[in-house]
Amino acid sequence: MSMYTEEISAEPSWPVEATRRMNRMYRRQRHIYDGTRRYYLLGRDQLIAGLQPAAGANVLEIGCGTGRNLVHAARLYPNARFFGIDISTEMLTSAISAISRRDLAKRIRVAHGDGTAFNPQVSFGIARFDHVMISYSLSMIPDWRLVLQAATGRLKPGGSLHIVDFGDQERLPQIARTLLRQWLALFGVTPRDDLERELSAMVKSSGADLKFERPFRGYAQYAVLTLPPERKTA
């Protein structure tokens with residue numbers, strides 16, 4: 001099977017406009033994306049370090065972009081397999097190139113997919129994952145709550161959802177916070193101030209465990225939601 005699975009179909013639910021919008025944004029930016037984002041997408045390596053996948057584990061990234069996180073994680077955890085979806089085919093082009101350059105095509109596969117509604121069984125032949133990671137994508141997706149639901153729905157029992165994104169910057173000076181939010185808005189980025197509340201509600205309904213932090217003086221928010229293990233029948 002190809003490393004890159006394209007899922008565009010004639011179904012009216014497919015967000016064609018979202019793909020076009022993201023492609024317009026990243027058609028040129030993708031060439032400098034990794035070099036520039038390293039200075040302000042803080043906490044990504046912390047997220048990857050926290051994965052700790054077991055040998056043979058399957059890890060999915062929603063909004064994989066240029067493949068930077070997938071490549072870094074695959075090199076750090078050589079006994080796990082990695083998968084990624086992204087709405088932008090332009091970004092996936094960069095991801096495929098990065099994966100191929102590092103000879104990781106046997107352990108990383110990417111597909112064109114919508115984070116709010118995707119079928120990994122169709123894309124990758126895998127129904128559920130041991131870990132799902134979402135790095136600085138929720139703040140760009142209008143229906144971000146649906147992404148959380150889709151992500152947890154694709155986890156195995158005992159699996160974990162790892163998230164890092166922009167926080168509410170509550171411990172930064174007010175002028176810095178105001179200017180940062182104005183700058184982020186130019187790129188269609190909205191920090192999800194209700195993320196902890198939303199995840200806490202999911203914990204109550206599922207019995208999951210939640211770890212939530214606001215590192216870098218609240219600049220970022222970092223969460224790990226772990227589902228309860230499968231109950232053994234007597």
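Which residues are buried in α5? In this predicted model, the buried positions of the helix are Thr89, Glu90, Met91, Leu92, Ser94, Ala95, Ile96, Ala98 and Ile99. Helix α5 covers residues 89–101, 13 residues in total. From first C-alpha to last it reaches 18 Å, close to the 18 Å expected at 1.5 Å a residue. Ser88 caps the N-terminal end of the helix. A side-chain oxygen of Ser88 lies 3.3 Å from the backbone nitrogen of Glu90. Just after α5, Asp103 takes a positive phi of about 55 degrees.

In soluble globular proteins, nonpolar side chains tend to be buried together. The largest nonpolar core here holds 32 residues. Those touching the most other members are Leu51, Leu70, Phe82, Ile108, Val110, Tyr136 and Phe166. Two or more residues each come from α3 (44–49), α4 (68–76), α5, β4 (108–112), β6, α8 (174–185) and β8 (220–226).

Phe82, in the largest core, was examined for its contacts. Leaving aside neighbours within four places in sequence, Phe82 is in contact with Val59, Leu70, Ala73, Ala74, Tyr77, Arg107, Ile108 and Arg109. Among these partners, Leu70 and Ile108 are also named with Phe82 as touching the most other core members.

Aromatic rings were considered next. The count comes to five aromatic pairs. The rings of Tyr136 and Phe166 have centres 4.7 Å apart and planes at 75 degrees; an angle over 60 degrees counts as edge-to-face, so this pair is edge-to-face. Tyr136 lies in the loop between β5 (129–135) and α7 (144–153), whereas Phe166 belongs to strand β6 (residues 155–166). The pair therefore ties together parts that are 30 residues apart in sequence. Both Tyr136 and Phe166 are buried.

Trp183 and Phe187 form another edge-to-face pair. Their centres are 5.3 Å apart, with 70 degrees between the planes. Trp183 is partly exposed, with a relative accessible area of 33%. Phe187 is also partly exposed, at 29%.

Elsewhere, ring pairs link Phe83, Phe124 and Phe129 into a cluster. A charge also meets an aromatic ring: the charged end of Arg154 sits over the ring of Phe118, 5.4 Å from its centre.

Technical notes:
Residues are numbered from 1 along each chain as its sequence is written. This is a predicted model: local features need pLDDT of at least 70, side-chain atom pairs count only at pLDDT 80 or more; totals for chains, interfaces and linings use all residues. Side-chain values use heavy atoms; hydrogens and water are left out. Rings of Phe, Tyr and Trp (its six-membered ring) pair if their centres lie within 6.5 Å; planes under 30 degrees apart count as stacked, over 60 as edge-to-face and the rest as tilted. Helices (H or I, at least four residues) and strands (E, at least two) are DSSP runs, numbered from the N terminus. Buried means under 20% relative accessible area, exposed over 50%, partly exposed in between (1.4 Å probe, protein chains only). A charge sits over a ring if NZ of Lys or CZ of Arg is within 6 Å of the ring centre and within 35 degrees of the ring normal. The expected span of a helix is 1.5 Å times one less than its number of residues. A polar contact is a pair of N or O atoms within 3.5 Å; within protein, one must be able to donate a hydrogen and the other to accept it, and residues adjacent in sequence count only if both atoms are side-chain atoms. A nonpolar core is a set of buried Ala, Val, Leu, Ile, Met, Phe, Trp, Tyr and Cys residues joined through side-chain atoms within 4.5 Å. Contact means heavy atoms within 4.5 Å.
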